[in-house]
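Subject: Structure handover

Hello,

Here is the structure I promised to pass on. My notes on it follow below.

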Amino acid sequence: MKNRKIYCLNPISEIGLKKFRGGYSITDKIEDAHGVLVRSADMLAMDFPKSLRAIARAGAGVNNIPLEKCSEMGIVVFNTPGANANGVKELVIAGLLLASRNISGGIEWVRKNSGGENIAKDAEKAKKAFAGREILGKKLGVIGLGAIGVMVANTAISLGMEVYGYDPYISVGSAWNLKRDVHHSENVDELYEKCDYITVHVPATPSTRGMIDAEALAKMKKGVKILNFARDTLVSENDLAAALESGHVSVYVTDFPTAKSVKMKNAVVLPHLGASTAESEDNCAVMAACELQEYLDNGNIKHSVNYPDCDAGVCRTESRIACLHGNLPGMISKFTAIMSEEDINIANLTNKSRDKYAYTVIDIDTRITDEALERIREIVGMHRVRIVK
Ligand SMILES: NC(=O)C1=CN([C@@H]2O[C@H](COP(=O)(O)OP(=O)(O)OC[C@H]3O[C@@H](n4cnc5c(N)ncnc54)[C@H](O)[C@@H]3O)[C@@H](O)[C@H]2O)C=CC1
Ligand SMILES: O=C(O)CCC(=O)C(=O)O
């Protein structure tokens, strides 16, 4: 009977944890975990136990996980594409309205004046200070047309906005889902020059770090409103603070409080609430739990961000071995040669690669000896060898 342990670094929705069938338990000790479920907890400086085979991020962004280190240790990292996209999209739409109508200023005025006898009359006088603009007919630029960006763009079209989308790496699936009225900007500068509102929905990576900087801001229209529900690091905060001070940017709505963003003039800052809905939390937890279980039980990989996806089905032979290794010449011949020397028949072999890394699943007709397994583990470039069955 297998005895697989799952450690939760953040609270994970119960409906997801219930997806783990018999043979699994939730542990409070990461030292003996086979799988980790995480949301936004920072794992960058963590030490991982030898037992750890996979990490599932119940969410989209994986900038809190050291991907290279995990790959080298043969730890597969998953995320849950699209599972919280609707939750984020709805908050972004709220963000568009917060940016165009002074809703937060109005609420604050009512709170401050809540003791006043004549609040109804006073409100009628005070309200001109909180007047805004409508989003109907305004131009919205969406940078990053993935799960969230596509939903935001399509909803904004339904709300009567003119939408410009920019994503040089757009997937076929996203392109199919995008409403045809969305203008395709081939150059981000076009979007900067034309749009009244700009919203970013790209992952935080070294190449997107600080993409909204002084140079980008200078290309935008005077009075532009910027929304950032993706990550704080996409924005150069000093440059943005200066643009808000000068009025070049009229409002900044963000889901990421930082020591700087909370002090910015005309910034509306939320405490990372994009995916904090019961629906998104459930969707992410269920998807993450299923991914972990499928990998631990069958060695199949779906929605990994560091190893290739691989579906070898269910093992029907005596044993299944899974090798996580570098995408290097001669790797397969090295471990199949060892099996051949041991007189082991390979019934099925599936090999997939992704950039520097590769994954091979081998179904064999007899059980492998400890010696053969050790020899395979010692191959240079081998990161982990698992007996899945
Ligand atoms: N506020 C919150 O609670 C949440 C924030 N997020 C953040 O939003 C990001 C996007 O999430 P999803 O849409 O689900 O991810 P996704 O992976 O579906 O979409 C990201 C898109 O960005 C595009 N992209 C990458 N680099 C680009 C660049 N330089 N310029 C233009 N496009 C570029 C990709 O081609 C892809 O289509 C996540 O990486 C995460 O950081 C995600 C979920 C919740
Ligand atoms: O789990 C969360 O609340 C954060 C969601 C998020 O930022 C993401 O999915 O990238």
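Around ligand 1 there are 32 residues, and the closest of them are G61, G144, G146, Y169 and G274. Being near here means that the C-beta atom of a residue, placed from the backbone, lies within 6 Å of the molecule. Two elements give two or more residues to this shell, helix 3 (85-100) and helix 6 (147-158). Helix 6 gives the most, with three residues. Helices are DSSP runs of H or I with at least four residues, strands are runs of E with at least two, and both are numbered from the N terminus.

The model is predicted: local features need pLDDT of at least 70 and side-chain atom pairs count only at pLDDT 80 or more, while totals for chains, interfaces and linings use all residues. Residues are numbered from 1 along each chain as its sequence is written, and chains are lettered from A and ligands numbered from 1 in the order in which they are written.

By class, the shell around ligand 1 holds 17 nonpolar, twelve polar and three charged residues. Ala, Val, Leu, Ile, Met, Phe, Trp, Tyr, Cys and Pro count as nonpolar, Asp, Glu, Lys and Arg as charged, and the others, Gly among them, as polar. Ligand 1 lies between domain 1 (1-83 + 277-306) and domain 2 (85-269), because both give residues to its shell. The domain bounds come from an automatic or database domain assignment.

Seven strands form an open sheet with parallel pairing, in the order 8-7-6-9-10-11-12. Strand 8 (183-184) and strand 12 (267-269) each have a single partner strand, so one side of each is left without a neighbour in the sheet. Two strands pair if DSSP finds at least two bridges between them; strand 7 (residues 162-166) and strand 8 have two bridges. Y164 has H183 in strand 8 as its bridge partner.

Helix 6 lies across strand 6 (139-143), strand 7 and strand 9 (197-200), at about 165° to strand 7. Angles run from 0 to 180 degrees between N-to-C directions, with axes fitted as lines to C-alpha atoms, for helices over the stretch in contact. Contact means C-beta atoms, placed from the backbone, within 7 Å.

Another open sheet has four strands in the order 14-15-13-16, paired antiparallel. Its edge strands are strand 14 (346-354) and strand 16 (382-387). Five bridges join strand 13 (residues 319-326) to strand 16, and A322 stands opposite R386 in strand 16. Helix 13 (residues 370-377) packs on this sheet, touching strand 13 and strand 16.

Regards

Notes. Contact = placed C-beta atoms within 7 Å.
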